[in-house]
Amino acid sequence: MSIRKDIIKKTSMLDAIYMVLLSIIFSVISILIFILIITLGGFGIDIFELFESAVINVLNNPKSILSIFYWATPLMLTGLAVAVAFQAGLFNIGGQGQMLIGGVAAAIWAAALVPDISLFQNRIIMISTTIIIGFLAGGLWGFIPGYLKAKTGAHEVIVTIMMNLIAISFVTYLVGSQSYSPFVDSTSVDAYGQTDTISEYARVNLLIPNVSNTLNWTTIFTFIIVILIQIILFYTRYGFKIRAVGFNPTASKTAGINSDRIIMSSMFLSGGLAGLAGVFYVIGTAPYRYVSGFEGTLGFDGIAVALIAQNSPIAIAFAAIFFGFLTEGKNSLDRTTDIPPDILFALQAFVIIFIAAPAISKWVIDRLKTLKKGNEDAPTLEEENVNE
Amino acid sequence: MLVSIASENEQIDSQHDDVILQIKNISKSFPGVLALNDVSIDIKKGEILAILGENGAGKSTLMKILSGLYQYDKGKILIDKHWFQNDVSNNNLSEIQFNEPLDAIKLGIGQVYQHFQLVGPFSVGENITLGKEFTKNKVKLGPINIPLNPLIDEKETNLQIEELSKKFGLPIDPSILVEDLPIGLKQRTEILKQLYREAELLILDEPTAVLTPTEVDELFKTMRSLKESGKSIIFISHKLKESLEIADRIIVLRKGEVVGETFPGSISEKELAEMLVGRRLLSTLERENIPIGKPILSVSNLNLLLNEEEDNEDLHKNILKDVNFKIHQNQIVGVIGVQGNGQSELLDCLVGMKKPTSGEIKLSIEEEVNLINFSTLDILTSSVAYIPEDRNIQGLILDLNLSENSWLAFHGFNKLTKISSIQQDQNIFQKLLLPLKKMKKIAMNIVNNYEVKTPSIYSSMRNLSGGNQQKVLIGREFAKNPDLIIAAEPTRGVDIGVMEKVHLELIQQRDNGSGVLLVSSDLDEIFKLSDYILIMYEGQIVGQGNLSDMDLDQISQLMTFGKQIMEDNK
C-alpha cells in the first residue's frame, strides 16, 4: 500500500515527468550493469553486437519503429485498465484474465456467432459490435471482483488473481478441442488452442501496409481511448467521483457519493479496457483469430506500465511505447544475433525491475528537493496526520 | 544585521541561568506561506510554558521542528546538553540539529500528540515499554544487555511501570488494556511513555481538546506534579482559560511571529484574546431573541442497535436509545455530552450514513418526509447542510483541489431544481462533463466570502492550513442555502477570527429561518450559540431544555453521570 500512497501523493505533472525520466535513466543504468555482468562473466557475448542490434537497428528501421507502436498498443490498454482502477483506489491485477476473456468473446462473436447474418456483413457494424462484445466481456470479468469488493468487502487483489486463473481455464476449455467446444478451429480435425478466423468484415486494416505488416488501425483506436480516459478521469462528473472515492472513500460517502457503485463501475471500465487489449489482438493481427498464448504477460506488464506512468493516461501511452521499444529490441536481437533468448528475458526483467521501482525515483526526487533547502516541500501526509 | 544578532545573543545569554532549550531566530516557509518568521523562544527548567496561537499561527510547525519532523530554513536551536543527559545543568548552551524525530526522542524531548500513538490491544505497561521492553533472563555483557530469553517479562514490566507512575504521581494500572481506558488515562499512558523514555521536556499538543472538565483537572494536577519533579512542559493550546490556569509563562504566536510574552497573573483573558487575534473581539455575540418557527426536523423514538443480527442479547449494544427531539425554524439546538456518547451516530443517522433500527426522522421543509428511507445524497440535496465532525476524513478530500472540494456539496444537484443558484443542466454534455466554470464560480465565492488563504482555487486542499480548510468546508455547505444545518464541531481547530465568523454565520442562518443542530465539545461554543440544548449520555438524551432554564452545575452532572446527583459530596 505504501507504494500506492507514494504514487498518488505525486499529483503534479512535473513530478510525473521526472519520475518517468528517472525511471528511464535507471533502466539505462541497469542495462549498463547488465552489460558489465555479461562482459566480465565471460559468456562470449559481444556487447557491441547486442547494442547495435537492440538499439541502432531498431531506430534505423522504419518497420521496426512502427512495430514499437504495435507492441505498445495492448500495453497501453492493460496499463489504462490498471490506472482506472487505481484512481478509484483499487488494485486490479486481473488484467490478464480480463484480456483473455475479452479476446475470446470477440473472436467467438466474430468467427462463430454472427458472420453468416447479413446484417453483420458490414464492416462498421461488425467491427463496432465485436469491440463492444469484447469490452463487455472483459468488463464483466472486472465487474465481478468489483461487485464482491463493494458488497462483501472481498479484497480485489485476491479475487482478481483467482479470476485470472478461472479465465485461463475457461478460455482453454472454449478453444481447447473440437470434442467438447464448438468454437475451436474447424479447418482441421486435430486443431486445438485457437478459434476459427474471424469474419472478413471484422478485420481491421493495416495502417501503412507497404512498411509494416503488423501496425494496424487498432493502435489509432487505442490512442483515442487514451485521450478519452484522460477526459473521463479529469473532466467528467463520473471521473470526479472515481477520484474522490479513490482518494477518500469516507468523505465521498459523507458527500453522498455512492462509493459502491463507483467501485463496481470503475472495475467494469477497467476490465473492459483490458478486454479491449484482447479484442484488438484478434481483429488486428493476422491470422485474425484467437490463439492461445497470444497474451504472454501483457496483462501483468500493464501494471508496470501504469506504475511508471503514475496512472496518468497520457503518460501511460509514453510508458507503453517505451516497453514496445524494449520488445522490438528483443525481437531484433532474436532475429539477428545468436544471443540465447534466456538472457534476453533476463535483460527485460532486469529493466522492468528498475523501471517499476518508483520508490527509487521518488527517493531521488525527494532528495533533490531537500537539497534545495526543503523550501518547496509541502507538508506531506504523515506530517499532516500528526496534528492540526 | 550581524551586529544586532550578536548583541541580542549577549543579552539573552546573560539572563539565562535556567534555560534548557533555546529556539533562536527560526524561520520556516512552505510554498506561498511563511509559517515561522524569526521566532525565538526560551524554555526554562521546571516550567510550564504555554504557547498560544490561532490555527495557522505556526504552533504546530514550531513543534514539528522541535521534534525533528521539519527542518528549518534559518536560525538555530541551542540546548543544555548536560541537563538533558545528566540532570545537572552547567548553564552551557550548545547548538543542536535534529535530523529526524529519533534525534529529539533520544535527547529527551517527548511529544504527546493530540491523536494518541497507542496500541489498543496492548496493556498499559506494554505500550509504555514498547521499543525498550523488559525481557527475561538478561545477561549483562559490559554495557549491553543480551536477552537470552526474548519473551517479555510481564511482571518486571508492571513493577517498573508502577514504580514510575508512583514516582511521578500518575497512578495507573499497568496491566489493563489500553483500549479499555477512558481518554484521560490513555493520555496519562502517553505521558508515562515519554517519561519512561526519560524525557526532560514534554510537549503536549492540545492535550485538553479531547478531555472532559474533570479529566482536564486531573491533567493539570499531573502537569503540576511533573513540574515539581523538574520537568519542563510546553503546553500548546488555543484555549485561553486553560493557559491562564496552568501556565507559568505564556507566549503568543500570531502569523508565524512571537507577538508577546506574558504571565498569567498580569493579563486578563480578554486582553490575552486580543493579543492572540490582534484586534478587538466582539465581547458578546449580538443576537436577537427570535421566536421559534415551525418544526423542521423531528426525531422520535430513534434507536440504533449494534449487533442486531446476533441472537445473544448480551451482544446487542444500544448506541442510541429512544432519542426524541425537535428542531424548529430560527432555532439553534446544541448537543452536549462527552465525546463518544452517541453524538456521531446520531448525526450518521440523520444524514443517512447509518440506518437506525427503529424510530422516525421527519424533515419538513415543503412536505414532511421520513429521512430514514432516503440516501445520503437525497438528504444532502434537500437543503440540508452537513458539516461533519472530522474534516480531514469525512469532510474534505485533501488530495483534490479546492474547487473540486467545493463541488463535493453540489455534485448531485443536476438532479434537483430546488436550489435556485444552481441551475439544472440541459444537454448531455453538461450532464457528463464537470461544469468547470460553475465550479470556479462556487470556489471563488467561498474564497472571497470566507477570506480563504490559498495560492489558487486549484491548489490541493492539503496545502491549506487547518483553519482555511474548515472555511472551505463551511463555505461550501452554507452555499447550499440550507434550511437545516447539521454542524458537528464547526470550529474545531480554527482560529478565533474564523470562529467568530462561523458563529455569526450560524446566527445569521438561524435569523433567516434555518434550524441548526450544533454538536460541539466546546461548551462555551454551545452556550454562546444555542437556544435549546440536548444533553447526551450513553446514547440517551438525559436532559433537554431552553438554555436559559439550565445551570452549569446541572448540565455538567448530567454530562458526566447521566443524572443529577445530590450535592452532599461537595
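User: Buried means that 20 or more other C-beta atoms lie within 10 Å of a residue's own. With that in hand, is α7(B) mostly covered or mostly uncovered?

Analyst: This is a predicted model, so keep that in mind. α7(B) is mostly covered, with 11 of its 14 residues buried.

User: Which residues of α7(B) are buried?

Analyst: K186(B), Q187(B), R188(B), T189(B), E190(B), I191(B), L192(B), K193(B), Q194(B), L195(B) and Y196(B).

User: What do those buried residues of α7(B) pack against?

Analyst: Five elements of chain B: strands β6 (109-112) and β9 (201-205), plus helices α5 (124-129), α6 (154-167) and α8 (213-228).

User: What span does α7(B) reach from its first C-alpha to its last?

Analyst: α7(B) covers residues 183-196 and reaches 20 Å. That is close to the 20 Å expected at 1.5 Å a residue. After the helix comes E198(B), with a positive phi near 60°.

User: Are they buried or exposed? Start with N330(B).

Analyst: N330(B) counts as buried because it has 21 C-beta neighbours inside 10 Å. E538(B) has 15 inside 10 Å, so it counts as partly exposed.

User: Step back. How many helices and strands in chain B?

Analyst: Chain B has 20 helices and 22 strands. Of its 570 residues, 44% are buried.

User: How many helices and strands in chain A?

Analyst: Chain A has 16 helices and zero strands. Buried residues are 49% of its 388. Among its contacts between residues at least 6 apart in sequence, 78% join residues at least 24 apart.

User: Which residues touch the most other members in the largest nonpolar core?

Analyst: L80(A), I316(A) and I486(B), out of 248 residues in that core.

User: Follow up on I316(A). What is it in contact with, beyond its neighbours within four places in sequence?

Analyst: M76(A), G79(A), L80(A), A83(A), V226(A), V305(A), A306(A) and A309(A).

User: New topic. At what angle do α9 and α11 of chain A pack?

Analyst: About 105°, with the axes 10 Å apart. That makes α9(A) roughly perpendicular to α11(A). Here α9 is residues 237-247 and α11 is residues 259-284.

User: Which residues of α9(A) and α11(A) meet?

Analyst: From α9(A), K241(A), I242(A) and V245(A). They meet S259(A), I262(A), I263(A) and S266(A) in α11(A). By class, the contact has four nonpolar, two polar and one charged residues.

User: Where is the cis peptide bond?

Analyst: It joins A286(A) and P287(A), with omega about 10°. P287(A) is in the loop between α11 and α12 (298-308) of chain A.

User: Last one. Where is T214(A) found?

Analyst: In the loop between α7 (156-174) and α8 (217-235) of chain A. T214(A) is partly exposed, with 17 other C-beta atoms within 10 Å. Beyond its neighbours within four places in sequence, it is in contact with S67(A), Y70(A) and T285(A). T285(A) is 71 residues from T214(A) in sequence, but 6.6 Å away in space, C-alpha to C-alpha.

Conventions. Residues are numbered from 1 along each chain as its sequence is written. Chains are lettered from A and ligands numbered from 1 in the order in which they are written. This is a predicted model: local features need pLDDT of at least 70, side-chain atom pairs count only at pLDDT 80 or more; totals for chains, interfaces and linings use all residues. Helices (H or I, at least four residues) and strands (E, at least two) are DSSP runs, numbered from the N terminus. A residue is buried if 20 or more other C-beta atoms lie within 10 Å of its own, exposed if 12 or fewer, and partly exposed in between; C-beta atoms are placed from the backbone. A nonpolar core is a set of buried Ala, Val, Leu, Ile, Met, Phe, Trp, Tyr and Cys residues joined through C-beta atoms within 7 Å. Two residues are in contact if their C-beta atoms, placed from the backbone, lie within 7 Å. Axes are lines fitted to C-alpha atoms, for helices over the stretch in contact, and angles run from 0 to 180 degrees between N-to-C directions. Angles under 35 degrees count as roughly parallel, over 145 as roughly antiparallel, 65 to 115 as roughly perpendicular and the rest as oblique. Ala, Val, Leu, Ile, Met, Phe, Trp, Tyr, Cys and Pro count as nonpolar, Asp, Glu, Lys and Arg as charged, and the others, Gly among them, as polar. The expected span of a helix is 1.5 Å times one less than its number of residues.
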